[in-house]
Amino acid sequence: MKILMISPFSEGAASTKRFLNFSKRLSKNNKVTIIMPNYDVHSNYKKITSEKKDNINIIYPRYPKIKFLNLYAYLYMLSSCFSVLKGRFDIIYALKASPLSISGIVAKKYHKKILVLDVDDLESEVIKEQKGKGVIYLLSKYFEKMMPRNSEEIIVVSSYLKREAEKDNELKSKKIKRGI
């Protein structure tokens, strides 16, 4: 089986470390391709480049390194959407209901395959806690509603997130699982 895995963060993020461990296990019996940024706030804006890791193909979309107003993030979103058009996949697996994971929706529509969404926290709450407001906060709130509704399966890491997902009437027909 060919699996496309999408991470919104570089290897420096804790969520991505869990994601990479899971992809390593999946790669034992499947062909795994990962799309993720090679620099962001989690890598201290230093480029990370490794095109193969434990039999996993890693694609780093190209985007300019512009820290001003986190402009790189918006350019990454656009570039990652073009990156998912390459190759053929059986399953699309996206980490987080985040604007940076928009390529998961693009891949689902383009490849006409199922989207599995992995939710380990509510990104909007993290942004709010860091006193972040404005466009990125509003986009995060929007994606937290939109991505689960466009996914066939949702994996959550806690009972709290499972209860929160089950409150949304549009998600009643979705498979919501706790844990991988």
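**Figure 1. Burial and fold of the protein chain.** Buried residues account for 50% of the 180 residues in the protein chain. The model is predicted. The protein chain has 6 helices and 8 strands. Read from the N terminus, the elements follow the order β-α-β-β-β-α-β-α-β-α-α-β-α-β.

**Figure 2. The salt bridge between Asp 118 and Arg 18.** The structure holds 4 salt bridges. In one of them, the side chains of Asp 118 and Arg 18 meet, at 3.0 Å from N to O. This pair links distant parts of the chain. Asp 118 sits in strand S6 (residues 114-119) and Arg 18 in helix H1, 100 residues apart. Is Asp 118 buried or exposed? Asp 118 is buried, because its relative accessible area is 1% and buried means under 20%. Arg 18 has 26% relative accessibility and therefore counts as partly exposed. Side chains of opposite charge can pair when their charged atoms come close.

**Figure 3. Asp 120 and its salt-bridge partners.** The side chain of Arg 18 also meets that of Asp 120 in a salt bridge, at 3.6 Å from N to O. Arg 18 lies in helix H1 and Asp 120 in the loop between S6 and helix H4 (123-129), so the pair ties together parts that are 102 residues apart in sequence. Asp 120 has a relative accessibility of 16%, so Asp 120 counts as buried. Lys 96 lies in the loop between S5 and helix H3 (102-111), and Asp 120 in the loop between S6 and H4, so parts 24 residues apart in sequence are tied together. Both Lys 96 and Asp 120 are buried. Which residues do salt bridges with shared partners join into one network? They are Arg 18, Lys 96, Asp 118 and Asp 120.

Figure 4. The structure holds 4 aromatic pairs. In one of these, the rings of Phe 19 and Tyr 93 have centres 6.2 Å apart and planes at 35°, so the pair is tilted. Phe 19 lies in helix H1 (residues 14-26) and Tyr 93 in strand S5 (residues 91-95), so the pair ties together parts that are 74 residues apart in sequence. Both Phe 19 and Tyr 93 are buried. How are the rings of Phe 22 and Tyr 93 placed? Their centres are 5.4 Å apart and their planes stand at 50°, so this pair is tilted. The pair links distant parts of the chain, with Phe 22 in helix H1 and Tyr 93 in strand S5, 71 residues apart. Phe 22 is buried, and so is Tyr 93. Phe 19, Phe 22 and Tyr 93 form one aromatic cluster.

**Figure 5. A positive surface patch.** Which residues form the positive surface patch? They are Lys 46, Lys 47, Arg 62, Lys 65 and Lys 86. Lys 46 is found in the loop between strand S2 (31-35) and strand S3 (52-53). The relative accessible area of Lys 46 is 57%, so Lys 46 is exposed; the cut-off for exposed is over 50%.

**Figure 6. A nonpolar surface patch.** Leu 78, Phe 82, Leu 85 and Tyr 110 make a nonpolar surface patch of about 430 Å². Leu 85 is found in the loop between helix H2 (71-83) and S5. With 31% relative accessibility, Leu 85 counts as partly exposed. Why can Leu 85 belong to a patch? Patches are made of residues with over 30% relative accessible area, and Leu 85 is at 31%.

Figure 7. Ala 73 has its place in helix H2. Is Ala 73 buried or exposed? Ala 73 counts as buried, because its relative accessibility is 8%. Ile 136 is 63 residues from Ala 73 along the chain. The C-alpha atoms of Ala 73 and Ile 136 are separated by 9.8 Å.

Technical notes. Residues are numbered from 1 along each chain as its sequence is written. This is a predicted model: local features need pLDDT of at least 70, side-chain atom pairs count only at pLDDT 80 or more; totals for chains, interfaces and linings use all residues. Side-chain values use heavy atoms; hydrogens and water are left out. Patches are made of residues with over 30% relative accessible area and no salt bridge: like charges are joined within 9 Å, nonpolar side chains (Val, Leu, Ile, Met, Phe, Trp, Tyr) within 5 Å. Accessible areas come from the Shrake-Rupley method with a 1.4 Å probe; for residues, only the protein chains shown count as cover. Lys and Arg count as positive and Asp and Glu as negative; His and the chain ends are not counted. The place of a charge is taken as NZ of Lys, CZ of Arg, CG of Asp or CD of Glu. Helices (H or I, at least four residues) and strands (E, at least two) are DSSP runs, numbered from the N terminus. Buried means under 20% relative accessible area, exposed over 50%, partly exposed in between (1.4 Å probe, protein chains only). Rings of Phe, Tyr and Trp (its six-membered ring) pair if their centres lie within 6.5 Å; planes under 30 degrees apart count as stacked, over 60 as edge-to-face and the rest as tilted.
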